[in-house]
Amino acid sequence: MILGVESSCDESAVACFCPTAGLSHEYICSQLELHASYGGVVPDLASREHLENFFPLLERLRNELDFQQVQQIAVTRGPGLAACLAMGITLAKALALSLDLPLVGVNHLQGHAYSPFIPLHAADPSSFRVQLHSLLPHLGLIVSGGNTLLIRIDTSLRISILAETVDDAAGEAIDKGAKLLGLAYPGGPVIEKLARSGGPAGLEFPVSFPNPKDLRFSFSGLKTSLRYTLEKMDDATVEQELPNLCYAYQGAVVHQLIRKTRHVLSSGDWKSIGLSGGVSNNGLLRNHFEALGRKHKVPVLMAERKHTGDNASMIAFAAWMQPDYNLPDSREQSLTFDPSLRVDAAPTEHGSAVAK
């Protein structure tokens with residue numbers, strides 16, 4: 001059994017993964033209400049809350065779990081907020097030292113990359129590895145507040161980047177757009193809800209890099225276009241057109257994500273496609289992604305909604321999935337964090353990582 005610890009941003013989380021039984025003891029303590037009043041995550045407050053929140057989570061684990069079953073500790077080592085990552089790593093080191101267990105640092109983005117495979121394992125743990133290799137190479141779309149990436153997972157489970165954003169991530173663009181519209185943080189769910197009662201209404205926002213062969217994402221121009229559109233409207237018009245603005249803005253984000261994914265999918269011999277990250281909770285994106293898979297006749301794997309955000313379940317699962325994390329037993333307390341860790345970084349001894 002692997003005990004996962006996650007603290008990369010504003011969620012304190014722990015979870016256990018057993019290769020033969022799947023996930024259990026999945027607990028998350030969210031700071032959403034605390035940061036909502038500031039319109040975004042405040043790093044100092046987030047790290048302080050981790051210090052407060054991990055103790056009740058561990059107490060709950062202690063009451064429900066026999067720690068003698070745990071054979072490894074896995075913790076997020078990056079990317080993320082430095083002070084928050086430090087809290088999780090400090091906790092993981094303490095657990096590893098007190099329980100005399102090996103400790104491994106896991107790439108948070110690799111956790112997202114592998115998370116669409118969690119339901120497959122849950123359905124049949126005994127045949128998971130056989131089914132997994134029938135789905136490789138895998139084309140993954142990771143969309144979150146800080147990252148927008150198209151990735152390849154090859155037959156050896158190594159990850160490479162095919163496309164990434166040159167500026168804002170999709171989730172960041174949605175939150176900034178919501179702020180321009182005067183909506184509450186986090187903006188994604190609010191925009192999605194309002195968009196359901198909206199329509200095109202003559203509104204159209206630009207999509208960056210229209211050439212599908214240009215494998216780059218860009219969302220900063222979309223945000224600027226929204227600002228210019230709003231400047232031409234008075235307050236009453238904005239209020240009246242709010243559902244339509246949300247419909248068009250959300251549609252522009254989803255259109256760019258799907259268009260780039262479609263091009264890569266059409267130009268390769270892919271065995272499956274996957275969707276993960278916080279923005280993958282968006283219903284419109286999920287519907288278009290499923291339709292894309294049906295059109296190209298490839299299996300569609302999507303992270304469960306409870307595993308799309310920051311969670312320890314994907315960290316524990318990734319520690320088992322990625323062969324590079326299954327290193328010789330090491331209890332050395334040398335693990336460090338890396339706030340700017342890339343998804344294609346290769347794990348090395350004691351959880352440090354180097355770019356491929």
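A pocket here is an open set of grid points, on a 1 Å grid over the protein atoms alone, with protein on both sides within 12 Å along at least five of seven lines. Keep that in mind for the first stops. The model is predicted.

**Stop 1: the whole chain**

The C-alpha atoms then fill a box of roughly 65 × 45 × 35 Å. Now colour by accessibility. Buried residues make up 54% of the 356 residues.

**Stop 2: the largest pocket**

Select G145, D175, Y185, P186 and G278. Of the residues that line the largest pocket, these lie nearest its centre. The volume of the largest pocket is about 1400 Å³. Its lining has 46 residues.

Next, highlight the elements around it. Strand β3 (22-30) and helices α4 (108-114), α7 (170-180) and α8 (187-195) each supply at least two lining residues. Which element gives the most to this lining? Select α7: it contributes seven residues.

Colour the lining by class.

**Stop 3**

Move to Y247, A248, Q250, G251 and A252. These are the lining residues nearest the centre of the second largest pocket. This pocket has a volume of about 310 Å³, and 17 residues line it. Elements that give two or more residues to this lining are α8, α10 (235-266) and α11 (283-296). Helix α10 provides the largest share, six residues. By class, the lining of the second largest pocket holds nine nonpolar, five polar and three charged residues.

**Stop 4: salt bridges**

Side chains of opposite charge can pair when their charged atoms come close. The count here is 12 salt bridges, with a cut-off of 4 Å between nitrogen and carboxyl oxygen.

Select K306 and E26. Their closest N and O atoms are 3.7 Å apart. Why does this pair tie together parts that are 280 residues apart in sequence? K306 lies in the loop between β11 (300-302) and α12 (312-321), while E26 lies in strand β3, so the bridge links those two parts. K306 counts as exposed, at 51% relative accessibility. E26 counts as partly exposed, at 31%. The cut-off matters for K306, because exposed means over 50%.

Now pick K176 and D168. Their side chains meet in a salt bridge, 3.3 Å from N to O. Is D168 buried or exposed? D168 counts as buried, at 8% relative accessibility. K176 counts as partly exposed, at 30%.

Go on to E192 and R196. These side chains form a salt bridge at 3.8 Å, N to O. E192 is buried, with a relative accessible area of 15%, whereas R196 counts as exposed at 62%.

Finish this stop by selecting D168, E172, K176 and K223 together. Salt bridges that share partners join these four into one network.

**Stop 5: the open sheet**

Hide the side chains and return to the cartoon. Six strands form an open sheet with mixed pairing. Follow the order β9-β8-β7-β6-β10-β11. Which strands are at the edges? They are β9 (216-217) and β11, and each pairs on one side only.

Zoom in on β7 (residues 148-153) and β8 (residues 159-165). This pair is antiparallel, over five bridges. Select I151, then I161. I161, in β8, is the bridge partner of I151.

**Stop 6: a buried helix residue**

Last, select A46. A46 sits in helix α2 (residues 43-64). A46 is buried, with a relative accessible area of 0%. A46 and L81 are 9.0 Å apart in space, although 35 residues separate them in sequence.

How values were computed
Residues numbered from 1 in each chain as written. Predicted model: local features only at pLDDT ≥ 70, side-chain atom pairs only at ≥ 80, totals over all residues. Heavy atoms only, no water. 1 Å grid on protein atoms, 1.4 Å probe; cavity = no way out; pocket = protein on both sides within 12 Å on 5 of 7 lines; lining within 4 Å. Points joined across faces, edges and corners; volume = space filled by probe spheres on them. Helix = DSSP H or I, 4+ residues; strand = E, 2+ residues; numbered from the N terminus. Nonpolar A, V, L, I, M, F, W, Y, C, P; charged D, E, K, R; others polar. Buried < 20%, exposed > 50% of the residue type's maximum accessible area, 1.4 Å probe, protein only. Pairing = 2+ DSSP bridges.
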